[in-house]
Amino acid sequence: MRTALLTSGSFCWTYQPQAVPSQSFVVQSSLEHGTCRTKAENGLVDEEAENFSGILKRRSVLSAGVSLFSSAVLGFPREGLAVVKQGLLAGRIPGLSEPDEQGWRTYRRPDEKSGGHGVGWSPIIPYLFSVPQDWEEVPVSIADLGGTEIDLRFGSSKEGRLSVIVAPVLRFADNLDGDATIEKIGRPETVINAFGPEVIGENVEGKVMSINVVQDSGRTYYQYELEPPHVLITATAAGNRLYLFNVTGSGLQWKRHYKDLKKIADSFRVV
């Protein structure tokens, strides 16, 4: 089981996850009915599971029985990846820095960038991450499944692809108001039980290779590595938004460029 690298100035501790889902709490997604439900096993359901069940029941964003987050991570075209220079994307404001000495660029979501509508609308608190020089923004269309929740896509035909999902917490619960934290949404294993199946499109049981908790500048991040499929997920919350940063690649990309993909995933921060 891999352990995430420590980030300078950050505090990190590692879970040794038990079999997922746990004995006391199982979150299941129903693709037939577009709903989620919580099931008690051995008659044990703790208070957090009941509360989180209420959160999941509010998730009315699934459409046509297809998972929102699955489309965000796995919905990139497999062929002919449409990588476009940011300056050429209609309605977008470039947010990439110049390459550093290692050839990496930092993307910071521009304050002027539009976005945020629907339930619980508010300006989006900016986030940032770093990518190698050849990674570029991939256009996001509101016609895509989940298009209103996918804030950004990046990709490299050589190394892999990523997506940033920014979802209003009011879609999940009405008691988090404007001061949401990832801890209030749930524990690390609770969150991956809830959102993992929607990210990869299947049950996460036996696929969670590592769970790490990183604290940086007063904010907590849950970091997950799932395999197969190969996905790195970073989850956090700020203001009234839930952030999911997802990095993935093909088997060959994972084998050849895992170090860079892991560095990208570890670099995600909300500022």
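Mentor: Here are some questions and answers on this structure, each setting a value against its definition. The model is a predicted one, in which local features need pLDDT of at least 70 and side-chain atom pairs count only at pLDDT 80 or more, while totals for chains, interfaces and linings use all residues. Residues are numbered from 1 along each chain as its sequence is written, and side-chain values use heavy atoms, with hydrogens and water left out.

Trainee: What makes a stretch a helix or a strand, and how many does the chain have?

Mentor: Both are DSSP runs numbered from the N terminus: helices are H or I with at least four residues, strands are E with at least two. By that rule the chain has five helices and 13 strands.

Trainee: How do you know that the span of helix 4 agrees with its number of residues?

Mentor: The expected span is 1.5 Å times one less than the number of residues. Helix 4, residues 188–200, has 13 residues and should therefore span 18 Å; its end C-alpha atoms lie 17 Å apart, which agrees.

Trainee: Where does helix 4 have its kink?

Mentor: At Ala194, shortly before the proline Pro197, with an angle of about 35 degrees. The bend at a residue is the angle between axes fitted to the seven residues ending there and the seven starting there. Helix 5, residues 251–266, bends by about 85 degrees at His257. Just after helix 4, Gly201 has a positive phi of about 80 degrees.

Trainee: Why is Glu159 called buried?

Mentor: Buried means under 20% relative accessible area (exposed is over 50%, partly exposed in between, with a 1.4 Å probe and protein chains only). Glu159 has 5% relative accessibility, so it counts as buried. Its place is in the loop between strand 7 (150–156) and strand 8 (160–168).

Trainee: Which residues is Glu159 in contact with, leaving aside its neighbours within four places in sequence?

Mentor: Contact means heavy atoms within 4.5 Å. On that test, Glu159 is in contact with Pro132, Trp135, Gln253, His257, Asp260 and Leu261. Two of these names, His257 and Leu261, return among the buried residues of helix 5, as does Gln253.

Trainee: What makes strand 11 largely enclosed?

Mentor: Eight of the eight residues of strand 11 (residues 231–238) are buried, so the rest of the structure largely encloses it. Val231, Ile233, Ala235 and Ala237 cover one side, with Leu232, Thr234, Thr236 and Ala238 on the other, and all are buried. Helix 4 is also mostly covered, with 13 of its 13 residues buried. For strand 10 the count is seven of eight residues, and for strand 9 (residues 208–216) seven of nine.

Trainee: How many bridges join strand 9 to strand 10, and strand 11 to strand 12?

Mentor: Eight bridges join strand 9 to strand 10, which run antiparallel, and Val213 has Tyr222 as its bridge partner. Strand 11 and strand 12 (residues 241–248) are antiparallel too, over eight bridges, with Ala235 partnered by Leu244. Their hairpin has two residues between the strands, and Gly239 in the turn takes a positive phi of about 60 degrees.

Trainee: What makes strand 4 and strand 13 edge strands?

Mentor: Three strands form an open, antiparallel sheet in the order 4-5-13. Strand 4 (104–108) and strand 13 (269–270) each pair on one side only. Strand 4 is joined to strand 5 (residues 127–132) by five bridges, and Arg108 stands opposite Leu128. Helix 5 packs on this sheet, touching strand 4, strand 5 and strand 13.

Trainee: And how much of the whole chain counts as buried?

Mentor: Of its 271 residues, 52% do.

Definitions and conventions
Two strands pair if DSSP finds at least two bridges between them. Axes are lines fitted to C-alpha atoms, for helices over the stretch in contact, and angles run from 0 to 180 degrees between N-to-C directions.
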